[in-house]
Amino acid sequence: MEETNREAVATAVQRVAGMLQRSDQLDKVEQYRRREARKKASVEARLKAAIQSQLDGVRTGLTQLHNALVDVKDIQSSLADVSKDWRQSINTIENLKDVKDAVVQHSQLASAVENLKNIFSVPEIVNETQLLIEQAELLQAHRKLMDLECSRDDLMYEQYRMDSKNTSDMNLIRIYFEDVQALSDELAKQLWMVLQRSMVTVRRDPTMLVSVVRIIEREEKIDRRMLDRKKQTGFIPPGRPKQWKDKMFKVLEGTVSTRIEGTQSVTREVDKMWLVRLLEITRKYVLDDLIVVKNLMVQCFPPHYNTFRRFFCLYHNAVSARVKELTSEDLEANEIVSLLTWVLNTYKSTEMMGHPELCAECDVNELEPLLPQDVVDELLICLFSCCSSLFKEQVLRLCLKQMNSFLIRYKEEAVAYKEEHLRDRQLPQCYVQYMIAIINNCQTFKESINSLKRKYSQSSEPTMSDAAIEKTLNEVAKEGCQFLLDEVFLDLEHHLNELLTRKWLTGSHAVDTICVTVEDYFNDFNKIKKPFNQEMTSEAHRRVVMEYIKAVMQKRITFKNADERREGADRMIKEADQFKFLFRKLAGGEDTDRLCDAIAAIAEVFKLTDPTLLYLEVTTLVSKYPDIREEHILALLAVRGDASREMRQMIIETLSQNKMSYTGVTQPIFKDITVPTISMTSVTSMATAKLLK
């Protein structure tokens with residue numbers, strides 16, 4: 001405490017010293033004293049309030065503890081009384097066992113009395129139910145059957161509760177109600193008969209089919225209730241669960257199978273066209289039945305049955321099983337053709353499972369093939385090994401004709417695939433890989449067609465379809481290669497636009513990026529088969545050089561002096577060498593210099609320091625690349641920046657007057673490069689003839 005007082009005094013001294021550091025502060029001593037007095041009074045008031053609050057809390061806590069002590073004593077006293085009463089009532093509880101047994105017995109007797117009337121009237125109700133079944137009053141018959149089963153099941157349950165091991169009494173009840181099980185079996189037979197004739201019944205009397213479904217739904221509910229009670233008590237009545245719903249679906253499946261199997265009316269000995277007639281009858285039956293299911297039968301079943309889809313699958317499975325049976329028979333060649341045509345074409349067409357009335361309910365494309373592919377292959381092998389050489393030739397020609405039609409659609413789909421991709425280049429995924437597959441398929445088609453012709457054709461002369469197929473395949477492959485190159489140049493567009501600009505002259509990395517991008521794409525393009533990959537490499541080379549020269553012809557830059565011309569020319573020569581290295585690598589070392597040399601030749605025009613020698617340099621360029629035109633030369637001179645109007649006019653006129661003759665076949669470079677339109681007022685005196693058309 002003394003230490004605390006000392007610290008307080010020291011703090012006070014320090015504060016007073018801080019207040020009275022200057023002489024003018026002595027006048028305010030009284031003011032400081034009053035302010036400190038107010039602060040002291042405020043602190044003392046807060047301390048008193050805090051202490052009072054703590055005292056009130058302590059007082060309240062003591063009061064609650066006292067009340068809790070009183071309550072605990074009362075509870076202790078009450079527990080003692082309860083313990084005393086419980087000990088006194090043990091004997092009384094043991095004496096109530098007889099009462100409990102009496103209650104159980106009373107419950108059983110009450111149940112027996114309640115069912116007594118039904119018990120005595122069982123023979124009468126059995127006869128009434130049998131009569132109702134014979135009169136096809138199925139709903140009423142089932143109602144009485146449920147009453148009989150309820151009486152039997154309640155009696156057996158009470159007997160089970162009273163003495164589960166007393167089998168003699170249980171058998172006595174079972175024997176007394178044995179006719180009930182026979183009635184259930186008889187009613188079930190009637191239900192299955194209605195379901196077996198469901199296609200006829202639903203047209204004549206759909207209410208009968210509805211009644212059957214209602215009865216089966218009732219039995220399903222009773223089955224669930226009995227199974228739940230078995231989990232709780234261990235007791236289940238005889239004959240449960242009936243599982244009539246599962247049996248219903250098995251009956252319907254058997255009905256569909258029987259209907260498909262019963263379509264054959266004649267054999268080969270009676271009618272050579274037996275198989276064609278059989279397949280047509282099957283087609284008609286299946287289509288008619290499914291339309292009936294869609295329009296009539298669906299309304300007779302609960303929605304959660306998915307009735308139409310279920311029947312759609314049942315008919316598909318039945319037809320598949322029937323077709324497999326037919327393939328195991330010793331079919332003739334024309335019969336194999338008829339069967340395969342029906343299986344592969346007719347079945348999923350609009351004439352059968354793809355009919356417009358059925359498409360809205362089920363997608364025919366979700367169906368599994370009627371025949372496994374290995375079975376189809378075996379049939380095709382059998383077909384060609386029974387077939388005469390003339391017939392094989394005819395089949396081959398027909399296949400080639402159909403192949404041509406297919407390839408036309410194939411080409412259209414490839415174009416549509418590319419257009420879809422251009423709408424959003426992120427979709428579809430793996431566009432490049434799929435387009436490569438499309439191109440490679442063309443070579444695969446060629447090889448497969450040639451293999452078939454070598455194997456089955458007796459003639460070496462080309463057919464009418466051969467040229468069309470070859471033409472279409474080449475078009476698809478070349479367009480596919482063009483689509484892939486378009487994809488590459490879409491990514492290069494920004495970098496190509498940098499060429500021959502001020503940014504390019506000051507140190508752009510556009511050509512480096514172009515080379516890396518092209519090489520990266522061609523790592524994927526290596527998977528393209530020959531000769532398309534070679535043609536694609538050549539076309540990529542040509543397009544890169546053309547885009548470079550086009551950048552020159554667009555006059556994106558005009559050199560200001562000889563230093564800029566030299567710097568630009570050196571850069572062009574260096575980049576031409578980069579392109580040479582890249583495309584030699586992509587072409588497997590083949591000579592690819594001539595196209596890139598065009599860039600170097602243009603660079604030489606820019607690099608020339610003596611303008612008076614421009615005519616000779618331009619002449620050299622024209623001699624190497626005879627497809628260059630007047631507008632190209634004017635564009636080059638404009639980019640060079642130091643050729644006067646008179647010099648340009650002189651060069652053009654001299655070249656026009658001294659046309660040179662060229663020999664040899666050369667790949668055109670400048671022919672497809674256009675030059676932006678320029679004002680011709682400055683060259684009105686120039687020769688009007690175009691240079692070297």
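User: Where does Leu500 sit?
Analyst: In this predicted model, Leu500 is placed in the loop between H19 and helix H20 (502–505).

User: And what is its phi like?
Analyst: Phi of Leu500 is near 55°, which is a positive value in a residue other than glycine. Most residues other than glycine have a negative phi.

User: Is Leu500 buried or exposed?
Analyst: Leu500 has a relative accessibility of 0%, so it counts as buried, the cut-off being under 20%.

User: Which other residue has a positive phi near 50°?
Analyst: Lys555, again a residue other than glycine, has a phi near 50°, and it comes after H22, in the loop that runs between H22 and helix H23 (562–586). Lys555 has a relative accessible area of 27%, so it is classed as partly exposed.

User: Let's turn to H22 itself. How far apart are its end C-alpha atoms?
Analyst: They are 31 Å apart, and this agrees with the 32 Å that the 22 residues of helix H22 (residues 532–553) should span at 1.5 Å a residue.

User: How many of its residues are buried?
Analyst: In H22, 16 of the 22 residues are buried, so the helix is mostly covered. Asn533 lies in this helix and is itself buried, with a relative accessible area of 18%.

User: What is Asn533 in contact with?
Analyst: If neighbours within four places in sequence are left aside, Asn533 is in contact with Phe525 and Ile528.

User: What about the largest nonpolar core, which residues touch the most other members?
Analyst: This core has 92 residues, and those that touch the most other members are Leu499, Phe525, Ile549, Met572 and Phe579. Helix H19 (residues 464–496) gives the most to this core, with 12 residues. Another core lies apart from it and has 81 residues, among them Phe301, Cys362, Leu370 and Leu383.

User: What does Phe579 contact?
Analyst: Beyond its neighbours within four places in sequence, Phe579 is in contact with Val511, Ile514, Cys515, Val544, Tyr548, Cys596 and Ile599.

User: Zooming out, how many helices and strands does the chain have?
Analyst: The protein chain has 27 helices and 0 strands. Its radius of gyration is 51 Å, well over the 26 Å that the globule rule gives for 693 residues, so the chain is more spread out than a compact globule. Along the principal axes, its C-alpha trace spans about 140 × 140 × 45 Å.

User: How is it divided into domains?
Analyst: The division gives domain 1 (136–262), domain 2 (263–371) and domain 3 (499–674), and the C-alpha centres of domain 2 and domain 3 lie 67 Å apart.

User: And what share of the residues counts as buried?
Analyst: Of the 693 residues, 39% count as buried, while the chain exposes about 41,100 Å², of which carbon and sulfur atoms supply 54%. Among contacts with a separation of 6 or more, residues 24 or more positions apart account for 75%.

How values were computed. Residues numbered from 1 in each chain as written. Predicted model: local features only at pLDDT ≥ 70, side-chain atom pairs only at ≥ 80, totals over all residues. Heavy atoms only, no water. Helix = DSSP H or I, 4+ residues; strand = E, 2+ residues; numbered from the N terminus. Expected span 1.5 Å × (residues − 1). Buried < 20%, exposed > 50% of the residue type's maximum accessible area, 1.4 Å probe, protein only. Domains from an automatic or database assignment. Rg over C-alpha atoms; globule rule 2.2 N^0.38 Å. Contact = heavy atoms within 4.5 Å. Areas by Shrake-Rupley, 256 points an atom, 1.4 Å probe, with all protein chains shown as cover. Core = buried A, V, L, I, M, F, W, Y, C linked by side-chain atoms within 4.5 Å.
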